[in-house]
Amino acid sequence: MREARYKFAAALEAAAEWGGMKREIAFLVIGGASLLLSLAGFDFLPFDPAWAAIILCGVPIILEAVVGLVTVFDIKADVLVSLALIASVATGEDFAAGEVAFIMQLGALLEDMTVARARAGIERLVRLTPVSARRVTPSGEEIIAAGDVREGDILRVLPGESIPVDGVVISGETSVDQSVMTGESLPVDKSAGDEVSSGTVNRFGSFDMRATRVGEDSSIQRMIRLVQSADAGKAKIVGLADRWATWIVVIALSAAALTWAFTGEIIRAVTILVVFCPCALVLATPTAIMAAIGNATRHGFLVREGDALERLAGVKKLCFDKTGTLTRGELRVRAVKSVMPGLDGDGLFSLAAGAESRSEHPLGRAITACCREAGLTAPECAEFRMLPGRGVSASVCGKRLLAGRAELLEESGAAVPPELAAAAEEFTREGATAVYVAVDGAAAGFIVLADTLRPDAAETIAGVKGAGVEPVLLTGDHPGAAESIARAAGIDEFRAGCLPQDKLDYIGSCQAAGQAVCMIGDGINDAPALKKADAGIAMGGVGSDIAIDAADIALVNDDIAQLPHLLRLSRRMMRTIKLNIAFSMCLNFLAIGLAIPGILGPVIGALVHNAGSVLVIINSSLLLGWKSR
């Protein structure tokens with residue numbers, strides 16, 4: 001029922017927004033046609049056709065200015081525009097008044113279209129929210145609302161259907177289109193034991209799943225909450241532009257009054273009011289921010305607040321968490337070494353995978369999965385025993401196998417040779433884990449597992465450095481693992497053994513030294529640092545709920561290769577805002593300089609001024625398709 005109410009409200013809001021935009025377009029078409037008739041000199045009507053533009057486009061501006069002035073004493077652009085309209089009509093400059101009203105509404109429509117286009121990429125997530133689910137019960141299937149699914153329910157998903165909640169596949173095989181959540185272009189194969197996310201689409205086969213995260217906790221709802229909190233109006237620089245707009249209103253009124261007093265020509269005063277409307281200044285910032293948010297969305301980022309990009313533009317250091325951020329966050333087999341005659345590495349790998357095939361330990365599951373991915377066969381095992389804290393024991397292909405810690409082998413009389421232990425020590429110093437294997441009472445070798453660096457990590461770090469930002473690794477891992485990952489990624493500065501408080505202290509010390517810091521992480525332990533940093537980026541795909549809620553930006557598809565683009569985009573956005581503001585201010589003062597001696601009249605002044613507003617919006621909209629080199 002909650003989802004139904006939300007969708008109904010969203011539909012009403014969308015209809016109202018589209019209805020309002022259609023009304024604006026209709027008013028603009030009629031107003032533009034009336035101005036053309038007035039310009040062409042059609043005098044068969046009892047009134048100037050420009051009055052259609054004044055009424056349809058100008059009256060809404062005046063009403064909005066009056067409401068803002070009376071209710072909250074909001075002296076902004078609409079006040080000056082309204083005065084310019086009224087003064088133009090009072091002096092008989094009907095065409096100038098209609099032109100000002102028409103171009104102001106045209107600029108507003110362009111802004112709405114820019115914002116709508118910028119937000120379209122994020123709002124697609126809302127429309128992808130599943131509506132219903134197939135729940136499997138002892139009496140058969142039943143169709144229920146997605147919001148009524150409870151944790152532990154067994155659901156059936158047919159080909160072509162959206163997955164209603166997060167869960168784990170318990171039977172069946174299929175391929176799932178995860179592009180909405182991960183950005184992967186190809187469907188991903190899923191079978192029993194694999195996790196699936198809400199909002200993704202089942203492409204080929206049907207499967208049954210057990211619901212694990214439902215309602216507001218599901219992946220798609222987490223992303224929607226980020227979308228709904230996106231707001232360009234919170235940027236500090238917007239407030240700065242608004243304050244400037246207020247002063248410009250005061251300056252314009254003073255200049256118009258003094259010009260009228262000294263020259264006695266009210267037309268010049270009206271022209272000053274027309275050309276000094278701070279429309280371009282007010283439009284300069286929000287249009288650029290929303291366009292930049294739209295660009296970031298297409299590159300896999302969900303920006304919660306507009307000022308996050310503003311703060312990101314000033315960042316000097318980018319602090320990375322290790323596990324799940326620079327690394328994959330899952331154990332992979334890094335090396336296999338056999339010292340038993342007649343048994344090569346692949347043979348040892350297969351036997352160990354067979355022994356671990358019934359293990360629930362992460363190391364055992366990783367060995368079995370990597371053996372399968374390597375194209376090797378894990379034989380069936382018998383007499384399996386789990387030895388907590390030490391390893392496993394099993395019979396594989398008629399051989400007695402032990403797999404686990406060196407202590408397990410020593411207890412069984414299969415002591416690890418010193419040269420084998422030394423070879424394993426080279427890997428463990430770098431943060432890897434060695435699983436020793438004994439066959440029929442003799443040490444046979446070891447399998448090394450480690451959390452591997454993301455394939456694009458080194459290139460990403462190089463891009464971050466190229467953007468003028470210093471990368472830093474902050475990890476709770478021991479120094480050997482931290483140094484190994486930092487060296488492989490190309491990071492010069494790293495801190496190992498960091499508790500959450502240690503990360504906070506490091507970020508605080510950088511900020512005290514005047515260096516703005518961005519933090520990127522995925523775990524609960526990263527949440528305080530994400531909140532403390534000037535800008536926080538959470539890994540939205542694998543990150544915890546707490547980390548995502550603490551961050552300003554979420555990286556939906558976990559593709560850290562896009563980080564250099566985001567850094568450069570934030571700086572490009574700030575350059576665009578500053579250019580927009582500088583251009584609008586220069587245009588205003590140039591126009592008033594021409595209006596005071598009477599060189600610029602109301603009609604041409606309106607064209608020049610409002611053309612500046614349109615150019616500012618167009619310049620901002622260029623950010624939508626901007627790509628970093």
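Modeller: Phe 446 is buried, with 1% relative accessible area; buried means under 20%, exposed over 50% and partly exposed in between, using a 1.4 Å probe and protein chains only. This is a predicted model, where local features need pLDDT of at least 70 and side-chain atom pairs count only at pLDDT 80 or more, while totals for chains, interfaces and linings use all residues. Residues are numbered from 1 along each chain as its sequence is written, and side-chain values use heavy atoms, with hydrogens and water left out.

Biologist: Which residue forms an aromatic pair with Phe 446 at 6.2 Å centre to centre?

Modeller: Tyr 436 does, and the pair is edge-to-face, with 75 degrees between the planes. Rings of Phe, Tyr and Trp (its six-membered ring) pair if their centres lie within 6.5 Å; planes under 30 degrees apart count as stacked, over 60 as edge-to-face and the rest as tilted.

Biologist: Where do Tyr 436 and Phe 446 lie?

Modeller: Tyr 436 is in strand β16 (residues 433–439) and Phe 446 in strand β17, so their pair ties together parts 10 residues apart in sequence. Helices (H or I, at least four residues) and strands (E, at least two) are DSSP runs, numbered from the N terminus.

Biologist: Is Tyr 436 buried or exposed?

Modeller: Tyr 436 counts as buried, at 10% relative accessibility.

Biologist: How many aromatic pairs does the structure hold?

Modeller: It holds 2. Phe 427 and Phe 446 also form an edge-to-face pair, 6.3 Å centre to centre with 65 degrees between the planes. Phe 427 lies in helix α15 (residues 418–428) and Phe 446 in strand β17 (residues 442–453), so this pair ties together parts that are 19 residues apart in sequence. Phe 427 counts as partly exposed, at 22% relative accessibility. Phe 427, Tyr 436 and Phe 446 form one aromatic cluster.

Biologist: New topic. Where is Lys 322 found?

Modeller: Lys 322 is in helix α11 (residues 322–326). Lys 322 is buried, with a relative accessible area of 4%.

Biologist: What does Lys 322 touch?

Modeller: Leaving out residues up to four places away in sequence, Lys 322 touches Thr 327, Asp 451, Leu 473, Leu 474, Thr 475, Asp 477 and Ile 485. Contact means heavy atoms within 4.5 Å.

Biologist: And the whole chain: how many helices and strands?

Modeller: The chain has 22 helices and 22 strands. Of its 629 residues, 50% are buried. Among contacts between residues at least 6 apart in sequence, 68% join residues at least 24 apart.
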